[in-house]
Amino acid sequence: MSDTSESTDDGGGDDAASAASVDADAVRHVAELARVRLDDDEVETFVDQFGDILDSFEALDEVPETDREEDLINVMRPDEIEEGLTQEEALSNAEETEDGFFVGPKVS
């Protein structure tokens, strides 16, 4: 984590580290994958923004881990088999049936 502490001491070093980790080619590659056309000005803007995003994720490395105090338990009830509808009961309110199945509108 010494790299992070050094970069936070020097304001200019933080931007340089971000620019080194994300370059214009990487931004163009991501834009191509997303099928987004970017101008050169937009690419440079996204280089800076992607660097800032990566710096934010690096800050998460400094968050201390905590121990879980309580064990998680399953709060779901067990499955119970219940009597269901017969096929005739299920189809009794259908407007139209065919060979024991519901008939719905045609989708083209």
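This note walks through the fold, the surface and the charged pairs of the structure above.

1. Before you start, keep in mind that this is a predicted model, in which local features need pLDDT of at least 70, side-chain atom pairs count only at pLDDT 80 or more, and totals for chains, interfaces and linings use all residues. Residues are numbered from 1 along each chain as its sequence is written, and side-chain values use heavy atoms, with hydrogens and water left out.

2. Let's begin with the fold. The chain has 5 helices and 2 strands, and their order along the sequence is α-α-α-α-α-β-β. Helices (H or I, at least four residues) and strands (E, at least two) are DSSP runs, numbered from the N terminus.

3. How many of the 108 residues count as buried? The share is 11%, where buried means under 20% relative accessible area, exposed means over 50%, and partly exposed lies in between (1.4 Å probe, protein chains only). As for contacts (heavy atoms within 4.5 Å), residues 24 or more positions apart supply 35% of those with a separation of 6 or more.

4. Accessible areas come from the Shrake-Rupley method with a 1.4 Å probe; for residues, only the protein chains shown count as cover.

5. Which residues form a negative surface patch? They are Asp 39, Asp 41, Glu 42, Glu 44, Asp 48 and Asp 52. Patch members have over 30% relative accessible area and no salt bridge, and like charges are joined within 9 Å. Asp and Glu count as negative, with the charge placed at CG of Asp or CD of Glu. One of these residues, Glu 44, sits in helix H4 (residues 40-59) and is partly exposed, at 45% relative accessible area.

6. Next come the salt bridges, of which the structure holds 2; each needs a side-chain nitrogen of Lys or Arg within 4 Å of a carboxyl oxygen of Asp or Glu. Arg 28 pairs with Asp 25 at 3.9 Å, N to O. Both belong to helix H3 (residues 24-33), 3 residues apart, or about one turn of the helix. Arg 28 is partly exposed at 36%, while Asp 25 is exposed at 55%.

7. Where does the other bridge of Arg 28 lead? Its partner is Asp 40, with the closest N and O atoms 3.3 Å apart. This pair links distant parts of the chain, since Arg 28 is in helix H3 and Asp 40 is in helix H4, 12 residues apart. Through shared partners, salt bridges join Asp 25, Arg 28 and Asp 40 into one network. Asp 40 is exposed, with a relative accessible area of 54%.

Conventions: Patch = residues over 30% accessible without salt bridge, like charges linked within 9 Å, V, L, I, M, F, W, Y side chains within 5 Å.
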